[in-house]
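User: Could you walk me through how this structure is put together?
Analyst: Happy to! Take a look first, and then we can go question by question.

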Amino acid sequence: MSDHKFKPVAEQLAYVRKGAAEIIPEDELKQKLENSAKTGKPLRVYLGVDPTAPDIHLGHTVVLRKLKHFQDMGHTAVFLIGDFSAMIGDPTGVSETRPPLSREQVDANAKTYLAQVYKILDRDKTEVRYNSEWLGTMSSYDVVRLCGHYRLARMLEREDFRSRLDKNLPIAVHELLYPLLTAIDAVKLESDVEIGATEQKFNLLVHRDIQREYGLSGEVAFTMPILVGLDGERKMSKSLGNYVGITEAPGEMFGKIMSISDELMWSYYELLTDFPSPAIVRLREDVRSGSLHPMEAKMQLAHVIVRDFHGEEAATQAKEQFQRVFRDRQAPDNPTQFRLQQKPGTEKLVKLLIQCADIPSRSEAERLIKQGAVEIDGQRVNDVRHEIDLSKPGELLLRAGKKKFLRLTIE
RNA sequence: GGACGGGUGGGUGAGUGGCUAAAACCAGCAGACUGUAAAUCUGCCGCUCCUUGCGGGCUACGGAGGUUCGAAUCCUCCCCCGUCCA
């Protein structure tokens, strides 16, 4: 292990710095890199994630990709699963106390996380740890001692708590414990660098402080910008519905990325691809000068991202489908299939929409028809009472809105 | 423990006895225009039934009861949140 060959420090810094929001303190990172180059000992870089949901989306991949960058440079990437801290709930960025997760939920989530994480990280080179390993066995004595290392005023300085106090919103006491307990992660892992989104800055700085209280040198806090969601305004999050899940089908993923605004595309290039910064600057210049159509640039982005998760072939196919459906305005050549039993008589189109096309309610289905969003075999249907003949076998292409295509087979 | 303020649809938030499925704004959806971009314009935006009508029924303003011809609005009890005092 000691004969690690590292690239020159300047080169490493440049590579790793891409897209970073803040590196606190930056000269300390340089110092640590120089040290490691000298001793041949890789840095320990970690990213802690609470498995609060079963799936991860592109927003989560920003920090993962950064961890990968350190891995690319030969450092040790530690992926920490906060199976214990998930049961406390991170107060960051939430305006209310999170409902605690059960052990079972956390375990189930942790399992699906890992599989998804390895789409970015190199499985063989990643050290995976769970913080229940040490947090689960702490005594109340340990906790009290830990709390003695931090001051309430400093805790209340953080924006999340302050704004909740201002707005007369509740803060549960255990939420104060979150950054302190996760600091133990940093202590146990003896990390040199911790990666997190900018909203984690407070937590990371507490970790650094506590590490020093426990006799370590103190990690570098490395923050990444928060990925803005598809709406172009708010952070990407599942609850806002403005996200792209990394397990989503290639076509779906491609389409969603195409729907982002032109302006947003550049930060996606920065945070979601391995394109070096100068290349992105050049692309941007080409679009501005008119020599590259923004749609082309966006399609390339979508292609690259889909490729990361589904491979080259699926990405190319997704692109072709996209062009076919939206540029050429044709039905996709593999719309969702739905089979219906042949039976005498007819069925209301409204009912079929609910049954097959994922329309949540009858009112919603009627609304779509009234607004001219529903087509059968390319013919717009305006009558909410429209009936479909189920008495003989056949096939029809149903369209509801811009994106939903459905091939109905009566058999 | 005491005094006070508050809990309304996905969000913000108006509404203090009927005209309120509940203003306004945001988000969302659909149509037009386009590059499924943005911007813009138009419409929709609880559920359900049919004879699709400015139609009928049901559900909804923290919870449970009550007053009333009629309650988000008044009363009682309970739950939850916050502020101040201890």
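**Helices, sheet and RNA surface**

Analyst: In this predicted model, the axes of helix 1 (residues 9–17) and helix 2 (residues 26–39) come within 10 Å and cross at roughly 130°.

User: Which residues of helix 2 make the contact with helix 1?
Analyst: Helix 1 brings Val9, Gln12 and Leu13 to the contact. By class, the contact has four nonpolar, one polar and two charged residues. On the helix 2 side, the residues are Lys30, Leu33, Glu34 and Ala37.

User: Which strands stand at the edges of the sheet?
Analyst: Six strands form an open, mixed sheet in the order 1-6-5-2-3-4. Each edge strand has a single partner, so one side of each is left without a neighbour in the sheet. The edge strands are strand 1 (22–24) and strand 4 (126–130).

User: Which residue in strand 3 is the bridge partner of Val45?
Analyst: Strand 2 (residues 44–49) and strand 3 (residues 76–81) run parallel, joined by six bridges. In strand 3, the partner of Val45 is Ala77.

User: Which helix gives the most to the surface near RNA strand B?
Analyst: 31 residues surround RNA strand B, with Gly255 and Ala373 among the closest. Helices 11, 14, 15 and 17 each supply at least two residues of that surface. The most, five residues, come from helix 17.

Note on methods: Residues numbered from 1 in each chain as written. Chains lettered and ligands numbered in written order. Predicted model: local features only at pLDDT ≥ 70, side-chain atom pairs only at ≥ 80, totals over all residues. Axes fitted to C-alpha atoms, helices over the stretch in contact; angles between N-to-C directions. Helix = DSSP H or I, 4+ residues; strand = E, 2+ residues; numbered from the N terminus. Contact = placed C-beta atoms within 7 Å. Nonpolar A, V, L, I, M, F, W, Y, C, P; charged D, E, K, R; others polar. Near = placed C-beta within 6 Å. Pairing = 2+ DSSP bridges.
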